[in-house]
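Subject: Structure for you to look at

Hello,

Here is the structure I said I would pass on. Please open it beside this message and follow along.

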Amino acid sequence: MDAVSLIITLVKIIFIMFGVLVFGAAITVYAERRISAFVQNRYGPNRVGPAGIIQPFADVIKLLMKEDIVPKAANRFIHDLAPIISIVIALTTFAVIPFGNEIEIFGRKVKLLIADIDIGLLFLLAFTSIGVYGISLAGWSSNNKYSLLGGLRSSAQLISYELSLGLSIIGILMISGTLRLDQIVIQQTEYWWGIIPKWNIFLQPLGFVIFLITAFAETNRLPFDLPEAEPELVGGYHTEYTGMKFGLFFLAEYANVITSSAVTITLFFGGWHVPFAENLDISPVFLSVLQVFTFFIKVILFVIFFIIVRWTIPRFRYDQLMKLLWKVMLPVAIMNILVTGIIILIVN
Amino acid sequence: MEQPRKIIRKENLNIWQRMYVPEILKGIKLTLSQIFKPRFTIQFPEERFKPDGSFRGRPVLVTENGIERCVACGLCSRVCPSLAIEVQASETELPKERYPIKFEINMVRCIFCGFCEEVCPEEAIVMSNEYLLAFTSQEEAIFGKEKLLKSTDELKERLEYLRMFR
């Protein structure tokens, strides 16, 4: 690897990590507070800066200045480690997601994703599964019964949803025949009869629904936020956390929301693909910029969808969650694979 | 007496409702429709709530042509449950013969019950529509005559309300 490509990679990392994930998570927190307020006929934060847009940054400053309290009986090392695991995993998973097509700058081809690896999708599944360690360890190390319950729930939930999540993606793998996310997106840029873009949502509607529901479970958001469950478990796994350590969990949750949205879009909504844009008579560089822009517009729409769903659906009870994931999602996911396989066999 | 039902659960759901997803979409539609509804919050420092005549704000003394109606009978002071009012009477050349030389209401003590207004035979003390009462010291909270006097024009709404409903 020569120096120029190293610099390009660094620029991409900084753009994704700070520009998209950290900054994006802050804006998502703000968006969540505003949208939840609108849903409940309130105004929400509107004092700090124009329309309250600086509120999340003020909150971060507040969190940084707070005292770091560790319970006496807690395991100090793991107590410190848990939020680090959460945030590192949340910031890493975006690495394999292509946010734009290959572009040519000064005769050098640049792929718009950080880690161009063959097993992108597997990497994604593996890393999102590690994320639960942060929550479980936080719950255990706090030495608090509510935290421990939150951590336990998180692990049990992971085992339940990961199966359906993996199986819902297999349908796409069977169609595309590759684990490279950039290839999956490129395959989606074609058209049927020149009208309908070949997005995977039209091929795998059932897989999409299962993936979406499990994505909600993965981000620990409201229909499935049992690890937090503030009415039952005080605050769940982050009960004993203060200051920026709590802030890191918070940031990780919202970074995960952004990543989940990006994965959903990459797999089912054609990633950076702008329908019919390649037929327009515009320069390739401008087209690439448009594609990157469209990718983030799609991500924003999906994040808003995540927020709206949170303020619509009440939390599942624990047995209901288990019933839904094991007795409904799993058989449906397997059936989806079966049907997809039969159709592929017939078509070929 | 009817036995309380133990299981609160609708049993007669059809398959469409059991599928969750359509019902969730219905819920999302409701949530989205709420976003565009008007909000009732008053943005306080910029916008102020304007109470109407029935509001019991801080008690004030009514003046007509610059002279207070009060004849310093002391009934308000007598009826005040929290002993917030202090009146000292004196004589005057005017036809009403008596006037309060000193009239103090301790706003820290006042509970805005409106008894003083109710008992007053001259309609001289009424509740205004002012509600912004914040003090930095106990002394500041004692309102003398200079802060209490208000003309009938300023208190028009309250006086009309009293005339109609008392």
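Helix α4 of chain A covers residues 120–141, which is 22 residues. At 1.5 Å a residue it should span 32 Å, and its end C-alpha atoms are 32 Å apart, so the two values agree. Bear in mind that this is a predicted model. After α4(A) comes A:Asn143, which has a positive phi, near 60°.

That leads to the backbone angles. Most residues other than glycine have a negative phi. Chain B has two residues to look at here. B:Asn65 is not a glycine, yet its phi is positive, about 50°. You will find B:Asn65 in the loop between β1 (59–64) and β2 (67–68) of chain B. Is B:Asn65 buried or exposed? B:Asn65 has 6 other C-beta atoms within 10 Å, and a residue with 12 or fewer counts as exposed, so B:Asn65 is exposed.

B:Glu97 is another residue other than glycine with a positive phi, near 65°. B:Glu97 sits in the loop between β3 (85–91) and β4 (98–106) of chain B. Because B:Glu97 has 10 C-beta neighbours inside 10 Å, it counts as exposed too.

Now chain B as a whole. Its secondary structure consists of six helices and seven strands. Read from the N terminus, the order is α-α-β-β-α-β-β-α-β-β-α-β-α. What is the radius of gyration of chain B? The value is 27 Å, whereas a compact globule of 166 residues would have one near 15 Å. The C-alpha trace of chain B spans about 90 × 50 × 35 Å along its principal axes. Of the 166 residues in chain B, 17% are buried. Among contacts in chain B with a separation of 6 or more, 74% are between residues 24 or more positions apart.

Last, the nonpolar cores. The largest one has 79 residues, and those touching the most other members are A:Leu21, A:Ile97, A:Leu251, A:Tyr254, A:Ala255, A:Ile258 and A:Val303. Helix α10 of chain A (residues 243–268) gives the most to this core, with 14 residues. Which residues does A:Leu21 touch, leaving out those up to four places away in sequence? They are A:Ile16, A:Leu91, A:Phe94, A:Ala255 and A:Ile258. Another core, of 20 residues, lies apart from the largest one, and its members include B:Leu61, B:Ile85, B:Ala124 and B:Phe143.

Regards

Notes. Residues are numbered from 1 along each chain as its sequence is written. Chains are lettered from A and ligands numbered from 1 in the order in which they are written. This is a predicted model: local features need pLDDT of at least 70, side-chain atom pairs count only at pLDDT 80 or more; totals for chains, interfaces and linings use all residues. Helices (H or I, at least four residues) and strands (E, at least two) are DSSP runs, numbered from the N terminus. The radius of gyration is taken over C-alpha atoms; the globule rule is 2.2 Å times the number of residues to the power 0.38. Two residues are in contact if their C-beta atoms, placed from the backbone, lie within 7 Å. The expected span of a helix is 1.5 Å times one less than its number of residues. A nonpolar core is a set of buried Ala, Val, Leu, Ile, Met, Phe, Trp, Tyr and Cys residues joined through C-beta atoms within 7 Å.
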